[in-house]
Amino acid sequence: MEGKEEDVRVGANKFPERQPIGTSAQTDKDYKEPPPAPFFEPGELSSWSFYRAGIAEFIATFLFLYITVLTVMGVKRAPNMCASVGIQGIAWAFGGMIFALVYCTAGISGGHINPAVTFGLFLARKLSLTRAVFYIVMQCLGAICGAGVVKGFQPNPYQTLGGGANTVAHGYTKGSGLGAEIIGTFVLVYTVFSATDAKRSARDSHVPILAPLPIGFAVFLVHLATIPITGTGINPARSLGAAIIYNKDHAWDDHWIFWVGPFIGAALAALYHQLVIRAIPFKSRS
Amino acid sequence: MAKDVEGPDGFQTRDYEDPPPTPFFDAEELTKWSLYRAVIAEFVATLLFLYVTVLTVIGYKIQSDTKAGGVDCGGVGILGIAWAFGGMIFILVYCTAGISGGHINPAVTFGLFLARKVSLIRAVLYMVAQCLGAICGVGFVKAFQSSHYVNYGGGANFLADGYNTGTGLAAEIIGTFVLVYTVFSATDPKRNARDSHVPVLAPLPIGFAVFMVHLATIPITGTGINPARSFGAAVIFNKSKPWDDHWIFWVGPFIGATIAAFYHQFVLRASGSKSLGSFRSAANV
């Protein structure tokens, strides 16, 4: 505010209750929409922050798979459900870990930890194609390593108890599984968009921890709902990591659901937020 | 968020300031009450932490013991135990963050020492206070229910059947990495300067990190990731089985904290390359 005029023109303030005096009185908006990211940005390839972000995504996804799949294995190995943290504990492991990890990596890479989130943000032009591909590759590698460590802890139980891999459960059709993955990922990515909305950040007192918290809760809630159906993917890297390390036919048979579903869900969330909620393309045309 | 501002000499300066490395020996702090207050705070916090968590563990085992009048699904469950650990860290870190930094864990103290955020004297005093607090906390639990305490394992950490020593060690290393890495992220001065820093909410992800690790590794080791916690229970329970495995709960957490300190300082913050860069260019953002 140092370089801004202090005086306020009468009637210029269109947001009387929320608008701090002296700012944005000269413009129509109290927030600034970041410009669309270019598809290719060669300059970022020579910046350490680009590779640091990729490393952060790798480590975050590694820890995510390690904690969550290890929790799943702990539940499966227990003599009964009450001698373990239970299905609710598994949901907490997924949601709580996303909360902690998004919090840790938000300032470094944006804290995606999920190819579907990266894809959704890419569609919304919030990161370049180069960065999106790099993130997705690092997420998948981290997931494979995370599941690999869990298998290293307990090779035989891992193979006999399903390896934490995502499959469509008995009694559900592949269509049901696909639908569950689409809507589940929509919930997650829509929450991500809401939590990172430039308009809301400018108007609410932006408190950094309160962005990861609803994202973590969204993951937790979707897991509560869809663990019985598919074990809940909504994260292609998570599904891929477990499938590769487990490497059985029935995991691979259903695996396409855990890429197609999340990517469709992310695309729908991106369309919904950008076109309906924020109507960004229509504004930029005016 | 480009908050760079023009310095007086025309060069860009950072909008945050990394505190200088803490000296290894700071004789002056020995003369200040704030050091002893911080040590007392760590002692009390660790005492309360062990009291609530170990009491939760013993209570669960009593209520779920079907041979002694309990029921299969009795008690708060393993999930409740994980909540006790994570939730207690959350509220205790919140209470003591402004006094001692809210470590409550020798591994956290060690990691912050490696990152030059606490002096050697302070680190040693904190660790001693944490271990003493842990012993007293578990001592209270035993005093309240001596026979139950002994019969149900004393809340001590040891390797579960079906897992080997290497697995337990790796679980402790990675688990402590998660915790200390979250602590570093929550206390990063760069983030504090750029985000509206609300101190009450920094302990929340730390508590959640502890909760998450407990969900994952309770079946393996009962989850140490806190040498004081393991030490306190081992001392009061005092059987050979926990002592046989006890080294895992110091070596693992200290290795995990070291890796987290290295990762945060040299990979994420790139402090080494930044100091090198300062010779080439003053535009050090």
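A polar contact is a pair of N or O atoms within 3.5 Å; within protein, one must be able to donate a hydrogen and the other to accept it, and residues adjacent in sequence count only if both atoms are side-chain atoms.

## Interface

By that rule, 6 residue pairs, both at pLDDT 80 or more, are in polar contact across the interface of chain A and chain B in this predicted model. Salt bridges (a side-chain nitrogen of Lys or Arg within 4 Å of a carboxyl oxygen of Asp or Glu) number 0 between chain A and chain B. On the side of chain A that touches chain B, α1, α2 (86-109) and α4 (129-153) each supply at least two residues. The most come from α1(A), with 13 residues.

The contact (heavy atoms within 4.5 Å) takes 40 residues from chain A and 39 residues from chain B.

## Chain A

Chain A holds 12 helices and 0 strands, where helices (H or I, at least four residues) and strands (E, at least two) are DSSP runs numbered from the N terminus. Of its 286 residues, 53% are buried, that is, under 20% relative accessible area with a 1.4 Å probe, protein chains only.

## Nonpolar core

A nonpolar core is a set of buried Ala, Val, Leu, Ile, Met, Phe, Trp, Tyr and Cys residues joined through side-chain atoms within 4.5 Å. The largest has 144 residues, among which Leu63(A) and Leu215(B) touch the most other members. Helix α1 (residues 48-77) of chain A gives the most to this core, with 16 residues.

Beyond its neighbours within four places in sequence, Leu63(A) is in contact with residues including Met97(A), Leu101(A), Ile174(B) and Phe177(B).

## Basis

Residues are numbered from 1 along each chain as its sequence is written, and chains are lettered from A and ligands numbered from 1 in the order in which they are written. In this predicted model local features need pLDDT of at least 70, side-chain atom pairs count only at pLDDT 80 or more, and totals for chains, interfaces and linings use all residues, while side-chain values use heavy atoms, with hydrogens and water left out.

Notes. Buried < 20%, exposed > 50% of the residue type's maximum accessible area, 1.4 Å probe, protein only.
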